[in-house]
Amino acid sequence: MTDLARAFSGKHAVVAGGAGFLGSHLCDRLLSLGAKVTAVDNEITGDPRNLAGALKTGGISYVKADVSEALPAAGEKVHFVFNLASPASPLHYTRFAIETLRAGSIGTENLLRLATEQEAVFLQASTSEVYGDPEVHPQPESYWGRVNPVGPRSMYDEAKRYGEAVCVAYERSRGTRLRIARIFNTYGPRMQLDDGRVVPNFIGQALRGEPFTVYGEGKQTRSFCYVDDLVEGLLRLAASDAKGPVNLGSHFEFTILELAKTVHRLTGSRSTITYKPLPGDDPKQRRPDTAKAKQLLGWEAHTPLEEGLRRTIDSFRK
């Protein structure tokens, strides 16, 4: 039995945002480790069809609910609470700005209460967006960030920053067993083709034969982590005694133009590239310092970009 199987087998995990892209993959992996799972989602951006395979296997229950409202009764002892409940793409968190802020504040506190009452491990899915448009590169967990609190991305950035603050307050004042993951750009199957993030944008444009939309000159950089790697990091973090935020993401960095050209080649697309003005507060560079994850969790992303993109393209073709 692996270390993760020992940590999760027979345990009950609540996954808020469980019908979303990342949450559904996490549910699948928890089930494979022998955990019992309760997935909770209000379906404003999540899709219960993402859990179709999991629901057939048993061991999982699905609850349509908004964590910003009263939570349903746990039903049985809870050992882990994973808070992934939030819109995560610029298109969605702009459209659902109030809902994003409520999920990051009221929703996070409701889930913290559940975890504290149950003496469960609480894992907060935070984000690289807490670093804003960074002046330090790569970004270590000690960097406080450069965020515009009233900018076009503020509803998501500040919801996640507040989420970290309320988590730490519960840890310090009420003894909550807290883990914080700062998640960098993640991609893979089950992303929505129209969710506005760059990987599904490029793949969707390629498959439809539309021009690729590149903002600015495409020189801004990102690190792209395949979803299976990210889920492994989340589970290792939840099973650890790591204190303080931990960056989870790929240490390989690519320009947006390099990504566009890679998707273009892998899809065999004949699409051209069009350039549009860079959106406000769009970070110029983003890559995690992952030394803490390597040291404390023995974790690093290992799926090469081309391999992960091929899997994602194949899933979108289907």
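Q: Is the crossing of α9 and α11 left-handed or right-handed?
A: In this predicted model, helix α9 (residues 256-267) and helix α11 (residues 305-317) pack with their axes 10 Å apart. Among the residues that make the contact are Leu 259, Val 263 and Leu 266 of α9, and Leu 305, Leu 309 and Ile 313 of α11. The crossing of these two helices, α9 and α11, is right-handed.

Q: Are α9 and α11 roughly parallel, roughly perpendicular or oblique to each other?
A: The angle at which α9 and α11 pack is about 55 degrees.

Q: How many charged residues does the contact of α9 with α11 have?
A: Arg 265 of α9 takes part in this contact, as do Glu 306, Arg 310 and Arg 317 of α11. By class, the contact also has 6 nonpolar and 2 polar residues. The number of charged residues is 4.

Q: Is α5 roughly parallel or roughly antiparallel to α6?
A: Helix α5 (residues 97-118) packs on helix α6 (residues 154-174) at an angle of about 15 degrees, with the axes 9 Å apart. Because angles under 35 degrees count as roughly parallel, α5 is, relative to α6, roughly parallel.

Q: How many nonpolar residues are in the contact of α5 with α6?
A: The contact includes Leu 101 and Leu 112 of α5, together with Met 155, Tyr 162 and Val 166 of α6. Its residues also comprise 6 polar and 3 charged ones. The nonpolar residues number 10.

Q: Is His 251 buried, partly exposed or exposed?
A: His 251 is found in the loop between β11 (245-248) and β12 (253-255). Apart from its neighbours within four places in sequence, His 251 is in contact with Arg 287, Thr 290, Glu 300 and Ala 301. Buried requires under 20% relative accessible area and exposed over 50%; His 251, at 24% relative accessibility, therefore counts as partly exposed.

Definitions and conventions:
Residues are numbered from 1 along each chain as its sequence is written. This is a predicted model: local features need pLDDT of at least 70, side-chain atom pairs count only at pLDDT 80 or more; totals for chains, interfaces and linings use all residues. Side-chain values use heavy atoms; hydrogens and water are left out. Axes are lines fitted to C-alpha atoms, for helices over the stretch in contact, and angles run from 0 to 180 degrees between N-to-C directions. Helices (H or I, at least four residues) and strands (E, at least two) are DSSP runs, numbered from the N terminus. A crossing is left-handed if the near helix is turned anticlockwise from the far one by less than a right angle, and right-handed if clockwise. Contact means heavy atoms within 4.5 Å. Ala, Val, Leu, Ile, Met, Phe, Trp, Tyr, Cys and Pro count as nonpolar, Asp, Glu, Lys and Arg as charged, and the others, Gly among them, as polar. Angles under 35 degrees count as roughly parallel, over 145 as roughly antiparallel, 65 to 115 as roughly perpendicular and the rest as oblique. Buried means under 20% relative accessible area, exposed over 50%, partly exposed in between (1.4 Å probe, protein chains only).
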